[in-house]
Amino acid sequence: MSHGLRPLACATALLAATLASGVGAQNFPITPGQRATATQVAQAGVPLSELAPNAPDSYTVKRGDTLWAISGMYLRSPWRWPELWGMNLDDIRNPHLIFPGQVLFLDTSDGTARLSTRRPGDGSTPTVRVSPRVRSESLSDSAIPPISLQAIESFLAEPIIVDEGTFSRAPRIVSATDSRVLMSMGDRAYARALYGSSEGGDAEPLSIGEGKPRDFRVFRNATPLKDPTTGEVLGYEAQYVGKAYLVREETRRVPAPVPGKEGAVAGAEIVPATIDIVQAKEEVRIGDRLLPEPPRELPNYVPSAPSATLTGQIVSVYGNAVTFAGQNQVVAINRGIEHGVERGHVLALQKDAQTIIDKTDRARTQIRLPGERNGLMMVFRTFDKVSYALVLQITDGVKVGDSFVNP
């Protein structure tokens, strides 16, 4: 996407967030400059050379569709859908809020391409047929998503990447009732943050004081994610196992004088915090760690090509014992916020160059096949040095070490 289109992406992102939060359509948070840019792009349309070979003249949006899939029917570069739909406030009010039942018409009458809810040449207002409903629902909730949210649902709710220091100092579960080792939802357990000086003795105890968190995520096994080329540890991927609620705070019992021995006191005694397991993805164990529940984010993805050159490699394929990633699977990449990666960036996957023997040559010459484009992925979550991306299009499997470039 060109630099001139970035204001449009910003405008549509703000607009989508406004509508999703229930703010009226008359209060679009768009500056005059952003509106002018959006209007210019909408009027310009997309060059016909960017249309997919079999782009349909019309399409009726269905439940289960994604904006990416619909855009892929019309465009060679699906992430350019804001250009295709523009921001025509009299027609498609927001290219990131398209609803089931809408009919989209392709208009190429002026030598460029754009989508509309009006048939080309028909200036009338479209008729929308509705069926009676017993219940009401938010219009923004019924809009089709940009990508398959089911594929990344757990990543939207679970913080995955932590640094080594944060994980090592995190409170740990030390006991359960009835001396059990495994716990599930509804069970009570005990946790502590206070340890000796060699184990983070400066940590604050678990407290229910004002402003202190009481909702926690439960994690285990912080696996290091290493750069495939340099070996640098980019972060630690913690395995999410459940949620816990802090019932009673952690305390350190004041030493009591020893009877009959002046000046002598008994050893200090720590009383661990009491927690209840309120959600369990799998069984919670002794030794699992607690991290505060993060603020809930409103996912809003505006696909775009990075404005600067961005290259890197696949660090891991998410999932137990998964070697290759296919479509709608999640991968971690060795680029993050520090490298300019943003949520919504679209990146092209590359197959590694291969060395083979030319069997048609009597000398059996060794030749190197060039690396080929293998598909597309979109970043949906970013950390300092690592990001997670969803594989949207793929020709062959993606593995650790595979490279990516600008689309």
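Ile-286 lies in the loop between strand E14 (284-285) and strand E15 (289-292); strands here are DSSP runs (E, at least two residues), numbered from the N terminus, and helices are H or I runs of at least four. This is a predicted model, with pLDDT of at least 70 needed for local features and 80 or more for side-chain atom pairs, while totals for chains, interfaces and linings use all residues. Residues are numbered from 1 along each chain as its sequence is written, and side-chain values use heavy atoms, with hydrogens and water left out.

Ile-286 is partly exposed, at 33% relative accessibility. That term covers the range between buried, under 20% relative accessible area, and exposed, over 50% (1.4 Å probe, protein chains only). With Val-181 and Leu-182, Ile-286 makes a nonpolar surface patch of about 230 Å². Patch residues have over 30% relative accessible area and no salt bridge; nonpolar side chains are joined within 5 Å, like charges within 9 Å.

Now the salt bridges. How many does the structure hold? There are nine, each a side-chain nitrogen of Lys or Arg within 4 Å of a carboxyl oxygen of Asp or Glu.

One of them pairs Lys-385 with Glu-232, with 2.9 Å between the closest N and O atoms. The two residues sit in distant parts of the chain, 153 residues apart. Lys-385 is partly exposed at 27%, and Glu-232 is partly exposed at 37%.

Another joins Lys-243 to Glu-293 at 3.8 Å between the closest N and O atoms. Lys-243 is in strand E10 and Glu-293 in the loop between E15 and strand E16 (312-317), so this pair ties together parts 50 residues apart in sequence.

Terms used
Accessible areas come from the Shrake-Rupley method with a 1.4 Å probe; for residues, only the protein chains shown count as cover.
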